[in-house]
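Work through the exercises below with the model open. Each task is followed by a stepwise solution.

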Amino acid sequence: MVSRGFYVDSSRCTGCKTCVLACKDYHDLGIDNAYRKVYDYEGGSWAANEDGSYTQNVFMYHLSIACNHCNVPACTEVCPTGAMHKDDMSIVSVSTDRCIGCGYCTLACPYHAPHIDSKLKKSSKCNACEERLLEGRQPICVEACPLHALYFGKMSEISEYFNGGASIAPLPSGSYTSPNLAIRPSPAARPSGDREGFVANILEVEQF
Ligand code: SF4
Ligand code: SF4
Ligand code: SF4
């Protein structure tokens, strides 16, 4: 099966969150749901010198992340009904008719991608805008990004044109689920497991 996923150019991303809103609008998501999140990751400190100047080593960058349609998806492994599955396009999708809303997928995914829809009581998450892919178009989040920081495609194609890994803080190491995700890191990027920085917008990203 051909693996498909996202290329994220974190070195271009300004953290504007147009991608998040375009996705919410297109998929008509309620205020308590978002398929894409933008992490604002920052850290460092500054100190006053004797001559009155300051020395600093502060850093910050943004990471726009949705479901990574992983090669070893933790969500499908724990789903008791097979509702969460990898489809013919290699997209990890939810069959809502089989979903019982148990939430196991939300607990298992290290990227916090699935969310139990409060109205439907079913799991919901990024489906890579599959209906658009079938028409030869890019996902709406990709099209909306004013910085051209996102792209979706075959991973063979992505790795041919772009260098990038997935193990960037605050994300977990890509070794857990083999995500189809290639991040071009910001020059300020820290590796997964970093303890120098923190997610500055934790309330925003944790609400979904
Ligand atoms: S990112 Fe999470 S929800 Fe998406 S395929 Fe991977 S484990 Fe499953
Ligand atoms: S691919 Fe589609 S569903 Fe997934 S985050 Fe982007 S806009 Fe949302
Ligand atoms: S729209 Fe583009 S620049 Fe803005 S937050 Fe999303 S990925 Fe970053």
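**Exercise 1: the second largest pocket**

The lining of the second largest pocket splits into 11 nonpolar, 2 polar and 2 charged residues. The model is predicted.

Task: Find which residues lie nearest the centre of this second largest pocket, and which element gives the most to its lining.

Solution. 
1. Take the space: about 210 Å³ lies in the second largest pocket.
2. Go to its centre. Of the 15 lining residues, Lys37, Tyr39, Tyr111, His112 and Glu206 lie nearest.
3. Assign elements. β2 (37-43) and α7 (202-206) each supply at least two lining residues.
4. Pick the main contributor: α7, with 3 residues.

**Exercise 2: the largest pocket**

Task: Describe the largest pocket by volume, centre and residue class.

Solution. 
1. The volume of the largest pocket is about 270 Å³.
2. Its lining has 21 residues; Leu29, Tyr35, Asp117, Leu120 and Ser124 are closest to the centre.
3. By class, the lining holds 6 nonpolar, 9 polar and 6 charged residues.
4. β7 (92-94) and β9 (123-124) each supply at least two of the lining residues. β7 gives the most, with 3.

Technical notes. Residues numbered from 1 in each chain as written. Chains lettered and ligands numbered in written order. Predicted model: local features only at pLDDT ≥ 70, side-chain atom pairs only at ≥ 80, totals over all residues. Heavy atoms only, no water. 1 Å grid on protein atoms, 1.4 Å probe; cavity = no way out; pocket = protein on both sides within 12 Å on 5 of 7 lines; lining within 4 Å. Points joined across faces, edges and corners; volume = space filled by probe spheres on them. Helix = DSSP H or I, 4+ residues; strand = E, 2+ residues; numbered from the N terminus. Nonpolar A, V, L, I, M, F, W, Y, C, P; charged D, E, K, R; others polar.
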